[in-house]
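User: I would like to learn how to read a structure step by step. Could you take me through some features, giving the general idea and then the case at hand?

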Amino acid sequence: MATTPTPGRRAAIVGGNRIPFARSNSAYAQASNQDMLTATIDGLVARFGLQGEQVGEVVAGAVLKHARDFNLTREAVLGSRLSAATPAYDVQQACGTGLEAAVLVANKIALGQIESGIAGGTDTTSDAPLAVNEDLRRVLIQLNSAKTLGDRLKALRGLRPGQLAPEIPRNAEPRTGLAMGDHAAITAEEWEIGREEQDELTVRSHHNLAAAYDRGFFDDLVTPYLGLSRDSNLRPDSSMEKLAKLRPVFGTGPGATMTAGNSTPLTDGASAVLLASDEWAAERGLPVLAHLVDAQTAAVDYVHGGEGLLMAPAYAVPVMLARQGLTLQDFDFYEIHEAFASTVLATMKAWEDPRFCKERLGLDAPLGRIDRSKLNVNGSSLAAGHPFAATGGRIVAMLAKMLHEAGPGKRGLISICAAGGQGVVAILES
Amino acid sequence: MTESSPEPTVLDAPPSMAALFAKAALTSRGRGGDLPGTRLARRGVSVDPADVADYARVCRFPLTDALPVTFPHVLTFPLQVALMADGSFPLALPGLVHVRNRVEQLRPIGRGEALDLEVWAERFARHRSGATVDLCASVSAGGAEVWRGRSTYLARGARPPEGAPDADVEVEVSEPGPGAITWRVPDDAGRRYAKVSGDVNPIHLSGLTAKAFGFKRAIAHGMWVKARALAALSGRLPDAVTVDVGFRKPLFLPSTVTLATAPRGSGWDVAVRNADAGTEHLIGTVRSG
């Protein structure tokens, strides 16, 4: 059921900054989430002259997070060149974290509660939080609460050598035990997404990202960090022949199509976006690249409901379109996060499918086809990599710049799928 | 560096610190005379990113593209020890007390920059309880100086040469009030810093080795205390910065200490004190430029 949009002020996207994304255990192996987020915020501060300034709020998060990082964003702000009087808080919505952070900041700006804010995200799969074995943890808690020597000895009797193996965070769904890639493989099979079209999308992502770097598009969006100046997953010479050689890693049997090439690798990185009211930007002589017009989240029951884990954006988009009185074709750019090539393809296929649109989305007619030449034109996660919480900020800043370059009145759609069967989508307009 | 400086001796690799400390201990007797004019140098030194990361972790610096302000000290320190361990140096290295350290960063130094290092000793001075000497360091990149260091050491009971100037060990600082920052410094703090700095002076490593040199327990490295105090000011330091600190009473391990910081103009005054007794371990100034 669509609600009526509230007219009023919209948050401007002033610009962004990110560090190049690094494949897991490579250039950023020694960097913590706090290091990367702080460096990214400081890059943004340098770019927009915010040294010592107090912005309304900084909102960011990480998906893989150490217990000690309970106040990650505030800690990053305190170590940054922003004024220490800048408030901050953490959000976590799996891979939707970065975009959700931007929506939260934008909403407060739209409501007039703040005049400026920074939205961001960071993730490291290298400096990941290992936890003690669950059985060992219980023994230690019991030991810690033991009052007498007898109680302590009793607790210690629970110790087993096998408990020394730590709990390693896994990219798996707690309720199904399946890796995200295995879930995506189920969806790929259901929607009959072929190997070749996945590889084609992958090659295009690499070529588009490389071309964007080559023409200097990222010069004011990316700041080098720890020796990297481009995303280390980027393969400018990626080709169908090379990708065809890779063996499937997700799914089973002869129908398996998903490889390490057409799936995003584990990546480290961080991103940040500066949002503000038009007045705040004008006072400082800063540009307004685009406005955040609307956003929507959705969730699907991938556990018992028979829907694919990463299909929630397919549900979120029509709700937002109806609210804005737009069709799926009313956009100049589409940024569909490439968690897996098959996810992008399945989402688009679902929007073209009359039955899915009628039965699942409750629409009279399918949303229809997207002009592929407007899709991920400067590359996406397959090429750049995907440090979970950092992807939203990467896309928001990049799309805002693309819209600004295209001229006034241009419109872009962002669609990001997330673990837990969730999706976050948004519309930007120049 | 003045024009009359002698040509430095250029070393191809950092000298082994453990060997130097051993040599200095074995040859500590019978030293005297004036300071040698020797200068030691290394050229085109590139920093191992893993070493910076380890140092940053132990001192609590964030990992950025620039070297931590105090990091060049660990690059130049082995050369300074080589200078002091050499038989021509008039004071015995064991027993020297680090009483003051001043570092000047002229601009942030990138992790990838090739650095030229040069060290020398100067200012053999008269102190009320002995003599002091300054071990100096200059770091250049692309022919321009980017960093300077000056460590003042006190040799108790030593006699400076005739006509020596008075020692300059006092840092002028309007002392900040009580500190809001508390550090629990564990008993392995010296060993951890030794690993990342190469400063394996036995007085920092264990109670036993410290006792051999007259300390009741192991003591923290002054340069670690200084580095950690600066790390606490991350994001709030000017790019060109001078940090001048005096080391007061030894920080025995383990200890709980407080760091007090007070803004002064474009900089800070800092003090590290024992959390219970209030004994001062470090006082200093952080100034722009």
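User: Which domains does the domain assignment of chain B give?

Analyst: Before the answer, a word on the source: this is a predicted model, in which local features need pLDDT of at least 70 and side-chain atom pairs count only at pLDDT 80 or more, while totals for chains, interfaces and linings use all residues. Residues are numbered from 1 along each chain as its sequence is written, and chains are lettered from A and ligands numbered from 1 in the order in which they are written. Domain bounds come from an automatic or database domain assignment, and for chain B that assignment gives domain 1 (1-169) and domain 2 (170-289). Taken over C-alpha atoms, the centres of domain 1 and domain 2 of chain B are separated by 19 Å.

User: How many residues of domain 1 of chain B are in contact with domain 2 of chain B, and which elements give two or more residues to that side of domain 1?

Analyst: Two residues are in contact if their C-beta atoms, placed from the backbone, lie within 7 Å. In chain B, 30 residues of domain 1 are in contact with 30 residues of domain 2. The elements that give two or more residues to the side of domain 1 that touches domain 2 are helix H1 (17-26), helix H2 (49-59), helix H3 (71-85) and strand E3 (97-105) of chain B, and E3(B) gives the most, with eight residues. Such names follow a rule: helices (H or I, at least four residues) and strands (E, at least two) are DSSP runs, numbered from the N terminus.

User: How do the residues of that side of domain 1 of chain B divide into nonpolar, polar and charged?

Analyst: Ala, Val, Leu, Ile, Met, Phe, Trp, Tyr, Cys and Pro count as nonpolar, Asp, Glu, Lys and Arg as charged, and the others, Gly among them, as polar. On the side of domain 1 of chain B that touches domain 2, there are 19 nonpolar, five polar and six charged residues.

User: Which residues of helix H6 of chain A are buried, and against which elements do they pack?

Analyst: A residue is buried if 20 or more other C-beta atoms lie within 10 Å of its own, exposed if 12 or fewer, and partly exposed in between, with the C-beta atoms placed from the backbone. In H6(A), which covers residues 180-190, the buried residues are A:Met180, A:Gly181, A:His183, A:Ala184, A:Ala185, A:Thr187 and A:Ala188. These buried residues pack against strand E6 (248-250), strand E7 (258-259) and helix H11 (341-352) of chain A.

User: At what angle do the axes of H6(A) and H11(A) cross?

Analyst: Axes are lines fitted to C-alpha atoms, for helices over the stretch in contact, and angles run from 0 to 180 degrees between N-to-C directions. The axes of H6(A) and H11(A) come within 9 Å and cross at roughly 40°. Angles under 35 degrees count as roughly parallel, over 145 as roughly antiparallel, 65 to 115 as roughly perpendicular and the rest as oblique, and H6(A) and H11(A) are therefore oblique to each other. The contact is made by A:Ala184, A:Thr187 and A:Ala188 of H6(A) and A:Ser342, A:Thr343 and A:Ala346 of H11(A), and by class these residues divide into three nonpolar, three polar and no charged.

User: Are H4(A) and H5(A) roughly parallel or roughly antiparallel to each other?

Analyst: The axes of helix H4 (residues 134-145) and helix H5 (residues 149-156) of chain A come within 8 Å and cross at roughly 175°, and the two helices are therefore roughly antiparallel. In this pair, A:Val139, A:Gln142 and A:Leu143 of H4(A) meet A:Arg152, A:Ala155 and A:Leu156 of H5(A). That contact has four nonpolar, one polar and one charged residues.

User: Where does A:Asn25 lie, and what is its phi?

Analyst: Most residues other than glycine have a negative phi, and most peptide bonds are trans. A:Asn25 is not a glycine, yet its phi is positive, about 55°. A:Asn25 lies in the loop between strand E2 (22-23) and helix H1 (33-48) of chain A, and because it has 14 C-beta neighbours inside 10 Å, it counts as partly exposed. A:Ala94, likewise not a glycine, has a positive phi of about 50°, and A:Ala94 is found in the loop between strand E4 (88-90) and helix H3 (97-110) of chain A.

User: Which peptide bond is cis?

Analyst: The bond from B:Leu253 to B:Pro254 is cis, with omega near -10°, and B:Pro254 is found in the loop between strand E8 (241-247) and strand E9 (255-264) of chain B.
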